[in-house]
Amino acid sequence: MEWLIDICQCVVRDLDKYGICVVDNFMGKERAESIHRSVVSMYHSGVFVEGETVGLKSNVRSDKITWVDGSENNCVHIAFLIAAVDTIIMNFMRFKKGAQLGSQLNIGGRTKAMISCYPGNGSHYVKHVDNPNQDGRCITTTYYVNKDWDAKETGGLLRIFPQTWSNKVVDIEPILDRMVFFWSDRRNPHEVQPSFRTRYAITIWYFD
Ligand SMILES: O=C(O)CNC(=O)c1n[nH]c2ccccc2c1=O
Ligand SMILES: [Fe+2]
């Protein structure tokens, strides 16, 4: 797991500086493809449910989700992903010195892993903040499981509007084996742009 410690230093540095960190080739091609196969077969097994729409506006989001802890059938590779993200987050404290984030950040737990599917035909999630009202979630970690994704063709960008750089946006393609970390609070409003191909992601939120 040495590679995870190197990644941890990048995550601490980038979260501290930008509030966002993108890591490619996070699990390696083989394991990424195994995770892709697991997620697709879970989706076709019918365990995903409609994401509840918040409020009455039914066009707020059109994702389908399921929650796993990694012990379920066909989830051994997802369990490895969860363990890898846990290792990074739990090692923040080792590298926090010198970084602002270390002082106030004390991770106390996390959600299960939420597997989301945007089923294409324009499915999207409007601009939102994951944790607008101090519900305890401080870091959003999202891992993408989409082979040969080309956003010019199929959209589906994650667009973040970092409040610390008011006139900039950060566009992130949901490509296979890409891991994104970002602050869950009002510093990072973001949206999932309309997707015209089935789009999978695995999100874990960490609590402070
Ligand atoms: O998939 C992405 O790139 C970003 N995804 C999100 O921002 C996002 N944020 N909050 C959620 C809450 C419940 C179900 C799905 C979601 C969701 O996809
Ligand atoms: Fe979100």
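Is the crossing of α2 and α3 left-handed or right-handed?

Analyst: The crossing of α2 and α3 is left-handed; in a left-handed crossing the near helix is turned anticlockwise from the far one by less than a right angle, and in a right-handed one clockwise. This is a predicted model, in which local features need pLDDT of at least 70 and side-chain atom pairs count only at pLDDT 80 or more, while totals for chains, interfaces and linings use all residues. Residues are numbered from 1 along each chain as its sequence is written, chains are lettered from A and ligands numbered from 1 in the order in which they are written, and side-chain values use heavy atoms, with hydrogens and water left out.

Helix α2 covers residues 29–44 and helix α3 residues 76–90. Helices (H or I, at least four residues) and strands (E, at least two) are DSSP runs, numbered from the N terminus. The axes of α2 and α3 are 8 Å apart, and the angle between the two helices is about 120 degrees. Axes here are lines fitted to C-alpha atoms, for helices over the stretch in contact, and angles run from 0 to 180 degrees between N-to-C directions. The pair is therefore oblique: angles under 35 degrees count as roughly parallel, over 145 as roughly antiparallel, 65 to 115 as roughly perpendicular, and the rest as oblique. On the α2 side, Arg31, Ser34, Ile35, Ser38, Val39 and Met42 meet His77, Ile78, Phe80 and Leu81 of α3, where contact means heavy atoms within 4.5 Å.

Helix α3 also packs with α1 (residues 2–18), their axes coming within 9 Å and crossing at roughly 55 degrees. That angle makes α1 oblique to α3. The crossing of α1 and α3 is right-handed. From α1, the residues Trp3, Leu4, Ile7, Cys8 and Val11 make the contact with Ala84, Thr87 and Ile88 of α3.

Asp14 also belongs to α1. With a relative accessibility of 12%, Asp14 counts as buried; buried means under 20% relative accessible area, exposed over 50%, and partly exposed in between (1.4 Å probe, protein chains only). Beyond residues up to four places away in sequence, Asp14 touches Gly19, Ile20 and Cys21. Asp14 and Phe182 are 168 residues apart along the chain, yet their C-alpha atoms are separated by 9.3 Å.

Asn25, in the loop between β1 (20–23) and α2, has a phi near 55 degrees, which is positive in a residue other than glycine. Asn74, in the loop between β3 (64–68) and α3, has a positive phi of about 70 degrees and is not a glycine either. Most residues other than glycine have a negative phi. Asn25 is exposed, its relative accessible area being 63%, whereas Asn74 is partly exposed at 42%.

A metal site lies elsewhere in the chain. The iron ion (ligand 2) is coordinated by NE2 of His128, OD of Asp130 and NE2 of His190, at 2.1 to 2.2 Å. Donors are N, O and S atoms within 2.8 Å of the metal (3.2 Å for Na, K and Ca); water is not among the atoms, so sites may look incomplete. The spacing of these donor residues in sequence is H-x1-D-x59-H. His128 lies in strand β6 (residues 123–128) and is buried at 16% relative accessibility; Asp130 is buried too. The side chains of His128 and Asp130 are joined by a polar contact of 3.1 Å, and a polar atom of the His128 side chain lies 2.8 Å from the backbone oxygen of Val126. A polar contact is a pair of N or O atoms within 3.5 Å; within protein, one must be able to donate a hydrogen and the other to accept it, and residues adjacent in sequence count only if both atoms are side-chain atoms. Apart from neighbours within four places in sequence, His128 is in contact with Asn188, Pro189 and His190.

Asp130 is also among the contacts of Ser184, which include Val129, Asn131, Arg137 and Trp205. Ser184 sits in the loop between β10 (179–183) and β11 (190–195) and counts as buried, with 1% relative accessibility.
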